[in-house]
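Good morning, and thank you for making time for this item. I shall ask you to look at the sequence and the model together while I speak.

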Amino acid sequence: LLEEDEKLLDGNEQTGSCIIIDQLHGHYYLCGSVIDTEKVIQFIQDFEQHKLIPRDIWHREDDAVEEHDDAEILPPRNAAVRQIPMPMPTKRMPGICIWLPNAAQSRRKDMSAAFMYKAILRYAALICPKDNDLVQMGIWNHLKSLQASAHNKASLLPSGVKWRETDLQRYIGRLWIFAAKRKKRKSTVEAETADPGAYARSDFINELDGYVQKVVQVGESARDDASSVEETEASVAHPDTLGDDDDEGFREGLESLRQPYREGIMGAPAEVTEGKNTVMYTSEDVNLLHQAMIDELAYYCLTIRPPPPLFVLIFGDLPEPESVPWPHFLRNVHIHVVGSKRNLQGLRTITPAVVYKPLEEWQESEFADDHISLNLRRLIGVSWV
């Protein structure tokens, strides 16, 4: 660990400086030089390992501060100091459904593509957790420590807000489908090496594609007419402090993310169908679909709504561990997998808290039902018809 004065140096303009601002916790970290590569790398590593000394972000009250030296970096002894307000955690538990159709899912004739589409949404709304331990161990405990600290007597939380938020509102706001369609094999070698289990029946994929197209065209109006009253009541009873959970403000970024897949820049061209909070990728390349899944998940978690809290339902078989770099932010995510147990260990190396259910067990349970009640409708932000 570098000595503190070595990090700050002498403030020479020729050396430059860099600062890391942690708005969530109200701290900042300063490195006094950007020309020494080793010091900058060590500074970043120390930050990631929580070894740096945090400095409080504060504001001077103009009427309480006398003239001071511009080089002074600490607040004057008699200055009025107040903590910068920090963003409050959301009252929702946002949920994402990731569906990877395969041969085992399409084998049941009594479970059509439309049936599975609605049944997966229903299942996610039923099992989505409300007691978010990840939030309690992270943000809330930090706020509690600040509240109890001697130098900060004033309350950082509005009246009526509890320290431990244990009743978050479930809200399934995304459905991402990554469907592999069979390619015309040109040799017996390809037929032997391809994994037949990764491909659903062709008629199943065609039916699913037609259903998603219908959802995109008429799903919004059909759903709004059926549940506008329930959604209005839900929004009043359970307000989300971070606003409506949709992609409207991120269309440009999502388009730049998905366009390379359409054009085949990432590999084989993929068909991408987009609706409000519903996306379907279709491609012959299974590895390409897995890459698109990671890209969508990374964009959501790093740009749209960083976890915690977050719930992710993966409905299908997981990719090979060596083929997919599971992001480390998944350790802050509740993950539920329905499918084969194969390749589950690769995901558990990132986050041990993964709940698993075999597909056969799900198909024989009461969860395999496509009837979405009025009470569940208010918990689902994805359209269906």
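**A salt-bridge network and its surroundings**

I begin with the side chains of Glu274 and Arg258, which meet in a salt bridge with 2.5 Å from N to O. By salt bridge I mean a side-chain nitrogen of Lys or Arg within 4 Å of a carboxyl oxygen of Asp or Glu. Glu274 belongs to strand β8 (residues 271-275) and Arg258 to helix α8 (residues 251-263), so the pair ties together parts that are 16 residues apart in sequence. Helices (H or I, at least four residues) and strands (E, at least two) are DSSP runs, numbered from the N terminus.

Two remarks on the basis of these values. This is a predicted model, in which local features need pLDDT of at least 70 and side-chain atom pairs count only at pLDDT 80 or more, while totals for chains, interfaces and linings use all residues. Residues are numbered from 1 along each chain as its sequence is written, and side-chain values use heavy atoms, with hydrogens and water left out.

Are the two partners buried or exposed? Glu274 is partly exposed, with a relative accessible area of 23%, whereas Arg258 counts as buried at 1% relative accessibility. Here buried means under 20% relative accessible area, exposed means over 50%, and partly exposed lies in between, with a 1.4 Å probe and protein chains only.

The pair belongs to a network: salt bridges that share partners join Glu255, Arg258, Arg262, Glu274 and Glu296. Within it, Glu255 and Arg262 meet at 3.3 Å, N to O. Glu255 is partly exposed at 33% relative accessible area, and Arg262 is partly exposed at 25%.

The structure holds 10 salt bridges. One of them joins Asp110 to Arg108, with the closest N and O atoms 3.0 Å apart. In that pair Asp110 is exposed, with a relative accessible area of 51%, and Arg108 is partly exposed, with 24%.

I return to strand β8, now for its neighbour. Strands β8 and β9 run antiparallel and are joined by 5 bridges; two strands pair if DSSP finds at least two bridges between them. Thr273 stands opposite Met280 in β9. The hairpin of these strands has 2 residues between them, and Asn277 there takes a positive phi near 65 degrees.

Strand β7 (residues 169-180) runs parallel to β9, with 6 bridges between them. Ser283 in β9 is the bridge partner of Ala180.

How many residues of β9 (residues 278-283) are buried? The count is 6 of its 6 residues. In a regular strand the side chains alternate between the two faces of the sheet. In β9, Thr278, Met280 and Thr282 are buried on one side, and Val279, Tyr281 and Ser283 are buried on the other.

Finally, I turn to helix α2 (residues 37-48). Its 12 residues reach 17 Å from the first C-alpha to the last, close to the 16 Å expected at 1.5 Å a residue; the expected span is 1.5 Å times one less than the number of residues. The buried residues of α2 are Val40, Phe43 and Asp46. Seen down the axis of α2, these buried residues fall within an arc of 125 degrees, so they line one face of the helix. The arc is that of the directions from the helix axis to the C-beta atoms. On the other side of α2, Thr37, Glu38 and Glu48 are exposed. Just after α2, His50 takes a positive phi of about 60 degrees.
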